[in-house]
Amino acid sequence: MATKDISNMVICRCVAHMHRQDIKLGWRFQNVVEQLMRDTGESKKVCEAAVNRAIKAGLVEWGIHSSIGWLTENGIAYLKAAEVSVHSDLT
């Protein structure tokens, strides 16, 4: 597996999951990377590169400091569209 194998959907889900937890500022980027490492089995470097790709794609925003991350409006729409697509495939 490589950075390209970690989908933007997986990254958006990790960021959304991070927001549902009580993660202290200063640990949020690291929390998302660690969750990706657990979920994918990839190295820290590969997971960080995947998150940075999602940032460049406009799905995730980290503002002026990497500890304050959130999904952008595009990221929220991307996540919702994918979940609707999966749900409609099941019915």
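Author: Start with helices and strands: they are DSSP runs, numbered from the N terminus, where a helix is H or I with at least four residues and a strand is E with at least two. This is a predicted model, in which local features need pLDDT of at least 70, side-chain atom pairs count only at pLDDT 80 or more, and totals for chains, interfaces and linings use all residues. Residues are numbered from 1 along each chain as its sequence is written, and side-chain values use heavy atoms, with hydrogens and water left out.

Reader: What pattern does the protein chain follow along the sequence?

Author: The pattern is α-α-α-β-β-α. That comes from 4 helices and 2 strands.

Reader: Where does T72 lie?

Author: T72 sits in the loop between β2 (70-71) and α4 (73-90).

Reader: Why is T72 called buried?

Author: Buried means under 20% relative accessible area, exposed means over 50%, and partly exposed is in between (1.4 Å probe, protein chains only). T72 has a relative accessible area of 15%, so T72 is buried.

Reader: What does T72 touch, leaving out residues up to four places away in sequence?

Author: T72 touches G58, L59, V60 and E61. A contact means heavy atoms within 4.5 Å.

Reader: What makes K4 and D5 a salt bridge?

Author: The term asks for a side-chain nitrogen of Lys or Arg within 4 Å of a carboxyl oxygen of Asp or Glu. The side chains of K4 and D5 meet at 4.0 Å, N to O. A search of the whole structure finds 1 salt bridge.

Reader: Why do K4 and D5 get their accessibility labels?

Author: K4 has 69% relative accessibility, so K4 counts as exposed. D5 has a relative accessible area of 38%, so D5 is partly exposed.

Reader: How do you know that the span of helix α2 is close to the expected one?

Author: The expected span is 1.5 Å times one less than the number of residues. Helix α2 (residues 28-40) has 13 residues, and 18 Å is expected. From first C-alpha to last, α2 reaches 18 Å.

Reader: Which helices do the buried residues of α2 pack against?

Author: They pack against α1 (8-20) and α3 (44-56). Among the buried residues of α2 are F29, V32, V33 and L36.

Reader: What angle do α2 and α3 make?

Author: They pack at about 115°, with their axes 9 Å apart. Axes are lines fitted to C-alpha atoms, for helices over the stretch in contact, and angles run from 0 to 180 degrees between N-to-C directions. On the α2 side, the contact includes F29 and M37; on the α3 side, C47 and V51.
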